[in-house]
Amino acid sequence: MSLILNQIRKAYVTPTGAEQVILDIPAFSLDQGEQVALVGTSGSGKTTLLNVAAGITTPDSGTVTVGGVEITRMLEPVRDRFRSERIGYVFQTFNLLGAFTALENVLLGMSFSSQPANRHLAIELLGRVGLGDRLHYRPSQLSVGQQQRVSVARALAKTPRLLLADEPTANVDGPNQQAILELMQTTCRENNVTLLLVTHTSEVASQFSRVERLASFNQAATSTSTPYSMGVN
Amino acid sequence: MSIFQIAWKSLSQRSLASFLTGLSVALGVMLMVAVMILYGVIASTFQQSSIGYDLVVGPKGSPLQLVLSSIYRVSPPIENLPFRFYKDLQKDPRVEQAIPIALGDTTEEGSFPIVGTIPEYFSIPFANNREFAVRGTFLRKPFDAVIGAKVAATNGWKEGSQFRMIHGGADTGHVHDEKFTVVGILAPTGTPNDRSVFVNLDGFYQIQGHDKPFDEAIKREREFYGLAPLEPEALAEEVRKLEKRYGGHDHHNHAPGEEHFHDVPMIQKEVTAILVTTKTLMAAGLMEGEFKKGFKAQATNPIRPMNQLLTDILGNIRVLLMVLTGLIIVVSGVGIFVSIYSSLQERRREIAIMRALGARRETIFGIIITESLLLCLLGGIAGLILGHLLVLGAAPVVTARTGILINGFAFQPMEWLLLPALAILGVIVGYIPAVSAYRTDVASNLNPS
């Protein structure tokens with residue numbers, strides 16, 4: 001599933017009342033099945049870009065087209081459904097739900113699409129990220145790296161057509177970092193899933209045939225950083 | 001995962017707050033259920049035990065007191081009627097059966113009310129088509145006694161047990177020497193009969209002090225029938241005549257407790273009330289009206305004063321209690337609102353995550369409403385169970401004090417309305433938090449604060 005961002009502009013109003021442009025992207029696209037590493041400094045708008053691509057954040061202007069469908073024109077409920085069925089998202093901060101076990105977190109990711117949750121697939125994916133023996137652990141009982149692996153399994157469990165990953169290996173140690181990358185890349189390759197992975201390390205970026213620097217196509221990337229808590233870094 | 005599972009998980013995560021808010025609903029419902037059951041049982045008992053008789057005839061006074069004393073045995077008797085009045089009433093062609101009862105004494109053990117009556121008392125159904133059943137026999141000999149099931153259970157009396165009674169109730173402290181023998185134990189009736197002790201009226205009059213002295217009996221009878229009091233000499237003459245006719249009798253010639261029998265002159269006998277069944281319902285109405293015009297006695301339909309008591313006093317108390325318990329439930333509902341609404345601030349990120357995973361706003365709305373519904377309904381179900389348990393726990397105390405048998409498992413029709421009402425409450429109190437959750441902005445709440 002291809003991803004096309006066209007004339008995207010996104011700005012926030014700072015506490016001082018000034019407008020701060022985070023994204024100003026004339027054009028950016030990924031072909032179907034393509035795997036791209038997106039590199040950018042902290043606060044350069046990487047997460048905002050992924051949120052815009054996922055339909056979580058609506059751009060002030062411009063269009064986002066996923067698989068030939070312009071999601072920026074969709075009504076919100078339709079976009080939610082589209083996201084739940086087509087787009088996988090690995091959050092930088094994992095975003096696991098504390099009340100749910102690892103398995104339930106993965107099942108939850110499948111619950112909002114029209115397809116019934118596939119428990120067998122969820123267990124298999126958790127096994128593949130090395131958590132086969134931690135299915136019923138809550139996030140608080142897992143290490144930071146294990147939580148990130150659950151987050152990856154959750155994103156893949158939806159069998160998405162577009163996978164967006166925000167620093168998926170940032171909190172994972174060396175061997176597990178490699179395993180997660182391989183899992184994501186292999187799964188995407190096997191299923192012809194488009195992968196856009198944000199990273200700040202050259203070690204991760206080097207494993208991708210296409211590496212894009214956000215600053216090279218985001219005309220607002222030189223602006224100052226916004227607070228992390230606003231979720232717009 | 002279903003909305004239900006997600007809502008349940010959220011509640012589990014805040015288990016203490018969820019438990020406490022659910023408990024507050026449960027306690028409110030428990031009280032409401034207890035009020036409904038107890039009122040229902042009391043209402044049905046009061047109405048049921050009155051059904052056997054068409055009229056209760058007694059001295060002038062409060063009809064409610066007459067019914068409460070003669071049928072429910074929870075109020076002191078008003079006064080007495082001459083036995084002659086009972087005999088005259090018995091001859092009324094409209095009367096099918098007239099059962100005299102004499103009240104006022106209690107058992108020495110357990111202070112159960114003594115009912116002096118005739119064997120025919122047990123021939124009238126104690127409730128709608130429900131006949132008395134007895135283990136042993138009904139009253140036959142003068143010093144026979146038949147006891148209610150509650151009396152037997154409390155005092156441990158069996159057939160052959162003997163007992164004495166306290167004159168005029170436990171307060172006077174005077175214990176009669178004469179002993180009565182238990183010949184029958186009634187099967188439970190769920191009426192005040194269960195905590196009553198029935199003694200043969202013939203034996204009742206044999207007891208020292210129960211047969212009025214001649215001079216007093218003459219005065220009372222003349223007063224009752226509206227005749228002028230006799231001059232002292234004329235009264236003494238009347239007493240002499242009666243002594244000559246009946247030979248006089250002194251209980252002090254007998255050893256204490258010795259069973260003896262002699263016919264008591266009618267003038268010395270009094271009854272507390274007369275339970276009447278009439279040949280037609282119209283006759284009962286006519287007789288009631290006739291008594292109203294006279295000055296001697298009153299006749300009342302036993303159901304009417306009780307219905308009045310139930311609707312005018314108990315009914316209003318019930319409404320008040322229902323309103324109060326209803327308010328408790330509403331306050332509990334407010335507690336649920338506060339609990340969910342305040343938790344939303346901590347759960348914005350959780351909601352944003354679900355939205356980012358593809359949950360629609362309506363799904364989030366549904367999750368919050370489901371949480372509210374779960375708290376209300378689970379609290380309500382727990383309250384229903386607790387309410388019945390409370391009644392079960394209170395039943396022995398209520399039965400001991402009133403003789404009313406209470407079935408803690410008795411289900412009141414209004415209980416069916418509780419859960420739908422709680423569901424509505426759940427939707428109402430969950431609505432504002434649900435709308436707030438519905439409006440949660442995803443991007444700004446996605447990252448940890």
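Modeller: The points below cover a helix, a chain contact and some record annotations. This is a predicted model, in which local features need pLDDT of at least 70, side-chain atom pairs count only at pLDDT 80 or more, and totals for chains, interfaces and linings use all residues. Residues are numbered from 1 along each chain as its sequence is written, and chains are lettered from A and ligands numbered from 1 in the order in which they are written.

Biologist: Which residues of helix α7 of chain B are buried?

Modeller: B:Phe214, B:Ala217 and B:Ile218 are buried in this helix, residues 214-224. Buried means that 20 or more other C-beta atoms lie within 10 Å of the residue's own, exposed means 12 or fewer, and C-beta atoms are placed from the backbone. Helices are DSSP runs (H or I, at least four residues), numbered from the N terminus.

Biologist: Why do they line one face?

Modeller: Seen down the axis of α7(B), the buried residues fall within an arc of 100 degrees, so they line one face of the helix. The arc is that of the directions from the helix axis to the C-beta atoms. On the other side, B:Glu216 and B:Glu223 are exposed.

Biologist: How many residues does each chain give to the contact?

Modeller: Chain B gives 20 residues and chain A gives 27, contact meaning C-beta atoms within 7 Å. On the chain B side, α1(B) gives the most, with four residues.

Biologist: Where does UniProt place "transmembrane region" in chain B?

Modeller: The unreviewed entry lists several spans, including 20-42 and 364-385; such annotations may be inferred rather than shown by experiment. Residues 20-42 of chain B are 100% helix, with end C-alpha atoms 33 Å apart.

How values were computed
Helices (H or I, at least four residues) and strands (E, at least two) are DSSP runs, numbered from the N terminus. Two residues are in contact if their C-beta atoms, placed from the backbone, lie within 7 Å.
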